[in-house]
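Trainee: I have a fold on screen and some questions about it. Can we go through them one at a time?

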Amino acid sequence: MTDPTQALSRLSPLLPLLARFIFAAVLLPYFWASAVTKLGDGIFGILTPSVGAYAQIFPKAFEAVGYDVSKLGIFHWAVVTAGTWAEFVLPALIVLGLLTRLAALGMVGFIAVQSLTDLYGHGGIEHAATLGAWFDRLPDGVILDQRAFWVFTLAVLAVQGAGALSLDRLLFRSGAPAHPGDLRPAPEGPQSR
């Protein structure tokens, strides 16, 4: 009779691929649609964020200057531009399976900043439904409930990497086995000096 734990351990290499598929199906369209709203006009819109980008990322600071982008500094421009690029690049890297661990950690940080901005910048902390609560039998809280699943999916990728069907595996393939349990002792024999 087959040991169920052995059967499950044989399926574990599929976990990163499944995590990337779920990310592509659920979060890639979300982040790219969000990034598109931050692009400015014309071909150089990637370097000149839209007014909405500043309103999304720096809501209180933008309100304080009367919604006049010219009154914000280079710091604000750099953060908004980098945030916009991150919303395009990091999800693409995850779906392609390229630099996956680094991209997944970057997305976790992005989600943390996004959540704090939603809670404190946009006033979501004042609305219990936006914040949500764990162990409350309601799985639809935007911050604590939904984003916990996002971060868990990304944590799988940060810990296990992109999996077998990835550019990481193709480009950075090493002779080391994917799982430490697959290590075998070196054959004994004369040692060269």
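Trainee: In what order do the elements of the protein run from the N terminus on?
Mentor: Keep in mind that this is a predicted model. The protein has nine helices and zero strands. From the N terminus on, the elements run α-α-α-α-α-α-α-α-α.

Trainee: What share of the contacts between residues at least 6 apart in sequence join residues at least 24 apart?
Mentor: Take the contacts in the protein between residues at least 6 apart. The share of them that joins residues at least 24 apart is 61%.

Trainee: What percentage of the residues count as buried?
Mentor: The cut-off for buried is under 20% relative accessible area. The protein has 193 residues, and the share that counts as buried is 32%.

Trainee: How much of the accessible surface belongs to carbon and sulfur atoms?
Mentor: Start from the total. The accessible surface of the protein comes to about 12,700 Å². The part that belongs to carbon and sulfur atoms is 69%.

Trainee: Is Thr81 buried or exposed?
Mentor: Thr81 lies in helix H5, residues 74–96. Away from its sequence neighbours up to four places off, Thr81 touches Ile46, Leu47 and Pro49. Its relative accessible area is 2%, so Thr81 is buried.

Trainee: Which residue has its backbone oxygen 2.8 Å from a polar atom of the side chain of Thr81?
Mentor: Polar contacts are counted within 3.5 Å. The pair here is at 2.8 Å, and the backbone oxygen belongs to Trp77.

Trainee: Which class does the accessibility of Trp77 put it in?
Mentor: Trp77 is found in helix H5. Trp77 is also one of the residues in a nonpolar surface patch of about 960 Å², with Ile43, Phe44 and Trp85 among the others. The relative accessible area of Trp77 is 32%, so its class is partly exposed.

Trainee: What is the geometry of the aromatic pair of Phe31 and Trp150?
Mentor: The structure holds eight aromatic pairs. Phe31 and Trp150 form one with 5.8 Å centre to centre and 70° between the planes. Planes over 60 degrees apart count as edge-to-face, so the Phe31 and Trp150 pair is edge-to-face.

Trainee: How many residues apart in sequence are the parts that this pair ties together?
Mentor: Phe31 lies in helix H2, residues 14–38. Trp150 lies in helix H8, residues 142–160. The pair therefore ties together parts whose separation in sequence is 119 residues.

Trainee: What is the angle between the planes of Phe62 and Tyr67?
Mentor: Phe62 and Tyr67 form an edge-to-face aromatic pair. Their rings are 5.3 Å apart, centre to centre. The angle between the planes is 90°.

Trainee: Which residues form one aromatic cluster?
Mentor: Two of its members have come up already. Phe31 is buried, at a relative accessible area of 0%. Trp150 counts as buried too, at 12%. The cluster is formed by Tyr30, Phe31, Phe110 and Trp150.

Trainee: How far apart in space are Thr130 and Leu144, C-alpha to C-alpha?
Mentor: Thr130 is found in helix H7, residues 128–131. Thr130 is partly exposed, with a relative accessible area of 25%. Beyond four places in sequence, its contacts are Gly124, Gly141, Val142 and Ile143. Leu144 is 14 residues from Thr130 in sequence, and the C-alpha distance is 8.5 Å.

Notes
Residues are numbered from 1 along each chain as its sequence is written. This is a predicted model: local features need pLDDT of at least 70, side-chain atom pairs count only at pLDDT 80 or more; totals for chains, interfaces and linings use all residues. Side-chain values use heavy atoms; hydrogens and water are left out. Helices (H or I, at least four residues) and strands (E, at least two) are DSSP runs, numbered from the N terminus. Buried means under 20% relative accessible area, exposed over 50%, partly exposed in between (1.4 Å probe, protein chains only). A polar contact is a pair of N or O atoms within 3.5 Å; within protein, one must be able to donate a hydrogen and the other to accept it, and residues adjacent in sequence count only if both atoms are side-chain atoms. Contact means heavy atoms within 4.5 Å. Rings of Phe, Tyr and Trp (its six-membered ring) pair if their centres lie within 6.5 Å; planes under 30 degrees apart count as stacked, over 60 as edge-to-face and the rest as tilted. Accessible areas come from the Shrake-Rupley method with a 1.4 Å probe; for residues, only the protein chains shown count as cover. Patches are made of residues with over 30% relative accessible area and no salt bridge: like charges are joined within 9 Å, nonpolar side chains (Val, Leu, Ile, Met, Phe, Trp, Tyr) within 5 Å. A salt bridge is a side-chain nitrogen of Lys or Arg within 4 Å of a carboxyl oxygen of Asp or Glu.
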